[in-house]
Amino acid sequence: MENLCGLMKAKDGNLLPVIHKNGKELRFGSLYDGRYAAERWLDYHVPAGAEYAILFGMGDCQLILGLTERVPGYIMVYEPEESLYHAMAETPVFKKLQSIPRVMIACGGEGIAEFEELVRELLNENCVDTTVLLSSPGYEKEYSRQKKKVREIYDTVCEEVAFMVPVAKRFVKAMLHNQLENLSYMKDGVLLARLKKYWDPDVPVLIVSAGPSLEKNIEELRKAKGRAFLFCADAALPSLLKRDIIPDAVGCTDAKKNMNCFADERSFALPLLITTNSPPALIHRSTGPKIWGDDLAFIREILIKSDVDIPKIPSYLGVSTTLFASVLELGARTIILAGQDLAYSEEGKSHVSGRDEGFVKQEQFMAEGYYGDMVYSRGDWTVFREWMEKALSAFPDRLVINATEGGAKIRGSVQKPLGEALEELPEWKASPAELLEDPRVKITPKEYQRVMREFKKGKENLKKIRRDGYEKTWFRTNYMSVPVMRLIVDYMKSLDEIDRKARFYKALDYVEEEYNKKIKKN
């Protein structure tokens, strides 16, 4: 039965929503003075120093209005009841909130994905510790399942942010440099968003990673020709080329990737899955098609403003998860994994022959093995595996065969020997590699011109940010929509100053200097 929502006038003249649900009448707000009740509730629940807020349940909107006066940053709201949202949308208080750019509200079953995207977009190392998670009175009992989901989203994002802190400190300068350097290479590039429109989902995709178990079945990869699109990670490429096994495409998304993976000259003719975070030296030498996947926030904003959008796939976790996410994005119905150990071998090896990062015995990262035993893993591999398992549960219609024949078990996948999995595949009629040369999937000259125009606007935007100063930029404007501000926020993650204002100005100085260097080169 559909829930119905009406509006009731409180004694202070404000309107509050009344839900008729399962024979019950539920009121969300005060019958007397909603503003006063909201202020007293916020006094108790909002700690000093809170800068961002996540609120479960909008109620009569008085809590949101109160938060705009207490929290200087973004306020992200999820309303589980669509009828309440639509009823409140006609009220004066809701319309007032619509005029405040830093208030963002998502609602209903489909809105949870929009809400998750907001949280992922806005929470980072600079604000996660000063973000408060709140639940409007009366909501937890009636909407416990949705509240649990909101909590899971928040906890997951916080864990990912914590995982990325040391990565940001190590790679942020390289990432910033690569974005500025690589933007010009997008000319004539293949956009993953467009490739998706024409990709045949019935073509199986074989993802080859560089786990130590690849040595066991690497010769079986020859059976993939004409049966599966062979997509390999950069670290696995030397092992394949050494045996004259030529992949259909290779992925490289690490900002500081060792170019030893591309020592074989044949590497540069292969189609590449990359982002503007990938090494410029590789992209410069590449003569094959370049598939542009997910990008960091600075480039994403430029592409959006240029009407050239790219799907947001989580490339930040590593090249293996990038390949897997890209293949899911393309719609492949059958995905086969090889060399996806995500664990050390019995001999303590971390990767396939020719590369070894050393064995570290950590009991807390032990995982169930491919064959039911327990194996030693690592913190980053554990994050990758858990992400893949969540992705598998989100796409139950995809057949994912783990043909690694070693390493850690990936729950949700079907385990099968690689040779057997490939022999069962029918031969295809046309190679998907031909699609990479199709003009329909590429960025057009006009689009590229728009991208470069948006890039050049960054110089003036940096001047404006400096004129506006810290307080206005950070709390009184929608800074997230300004591409160069994303570079500043990213660079702030690498700095050690406790005071965010000091980090802001230090990052502004650095970004402005680097940006102007690139503008002059162009």
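**Figure 1. Pairing of strands S2 and S3 in the predicted model.** In this predicted model, strand S2 and strand S3 (residues 24-27) are joined by four bridges and run in the antiparallel sense. Lys21 has Lys24 as its bridge partner in S3, and the two strands form a hairpin with two residues between them, where Asn22 in the turn takes a positive phi of about 50°. Five of the seven residues of S2 (residues 15-21) are buried, so this strand is largely enclosed by the rest of the structure.

Figure 2. Strand S1 (residues 4-9) runs antiparallel to S2, and six bridges join the two. Five residues lie between S1 and S2 in the hairpin, and one of them, Gly13, has a positive phi near 95°. Together with S3 these strands make an open sheet of three strands in the order S1-S2-S3, with antiparallel pairing. S1 and S3 are the edge strands of this sheet, each pairing on one side only. With direction ignored, neighbouring strands of the sheet are turned by 30° against each other on average.

**Figure 3. Surroundings of helix H2.** Seven of the nine residues of helix H2 (residues 62-70) are buried, so the helix is largely enclosed by the rest of the structure. The buried residues of H2 are Gln62, Leu63, Ile64, Leu65, Gly66, Leu67 and Thr68. These residues pack against helix H1 (34-45) and helix H4 (92-98), and also against strand S4 (52-56), strand S5 (75-79), strand S6 (103-107) and strand S7 (131-135). Cys61 belongs to the loop between S4 and H2, and Cys61 counts as buried because its relative accessibility is 0%. The phi of Cys61 is near 75°, a positive value in a residue other than glycine. For context, most residues other than glycine have a negative phi.

Figure 4. Ile54 is found in strand S4 and is buried, with a relative accessible area of 0%. If residues up to four places away in sequence are not counted, Ile54 touches Met76, Phe115, Val119, Leu123, Thr131, Val132, Leu133, Leu134 and Tyr154. As a reference distance across the chain, the C-alpha atoms of Ile54 and Ala408 are separated by 36 Å, with the two residues lying 354 residues apart along the chain.

Figure 5. Nine strands form an open sheet with parallel pairing, in the order S8-S13-S12-S11-S10-S9-S14-S17-S18. Strand S8 (190-191) and strand S18 (414-415) are the edge strands, each of which pairs on one side only. S8 runs parallel to strand S13 (residues 290-292), to which it is joined by two bridges, and Val190 stands opposite Ile291 in S13. Helix H13 (residues 319-330) packs on the sheet, where it touches strand S9 (205-208), strand S10 (229-233), strand S11 (249-251), strand S12 (272-274), strand S14 (334-338) and strand S17 (399-402). The direction of H13 makes about 150° with that of S10.

Figure 6. Leu342 lies in the loop between S14 and strand S15 (366-368). Although Leu342 is not a glycine, this residue has a positive phi of about 55°. Leu342 is also buried, with a relative accessible area of 8%, which is under the 20% cut-off for that class.

**Figure 7. Packing of helices H17 and H18.** Helix H17 (residues 483-492) packs with helix H18 (residues 500-521) at an angle of about 125°, and their axes lie 8 Å apart. That angle makes H17 oblique to H18, and H17 passes H18 in a right-handed crossing. From H17, the contact involves Val484, Met485, Leu487, Ile488, Tyr491 and Met492. From H18, it involves Arg500, Arg503, Phe504, Lys506, Ala507, Leu508, Tyr510, Val511 and Tyr515. Sorted by class, the contact of H17 with H18 has twelve nonpolar and three charged residues, and no polar residues.

Methods. Residues numbered from 1 in each chain as written. Predicted model: local features only at pLDDT ≥ 70, side-chain atom pairs only at ≥ 80, totals over all residues. Heavy atoms only, no water. Pairing = 2+ DSSP bridges. Contact = heavy atoms within 4.5 Å. Axes fitted to C-alpha atoms, helices over the stretch in contact; angles between N-to-C directions. Parallel < 35°, antiparallel > 145°, perpendicular 65-115°, else oblique. Left-handed = near helix turned anticlockwise from the far one by under 90°. Nonpolar A, V, L, I, M, F, W, Y, C, P; charged D, E, K, R; others polar. Buried < 20%, exposed > 50% of the residue type's maximum accessible area, 1.4 Å probe, protein only.
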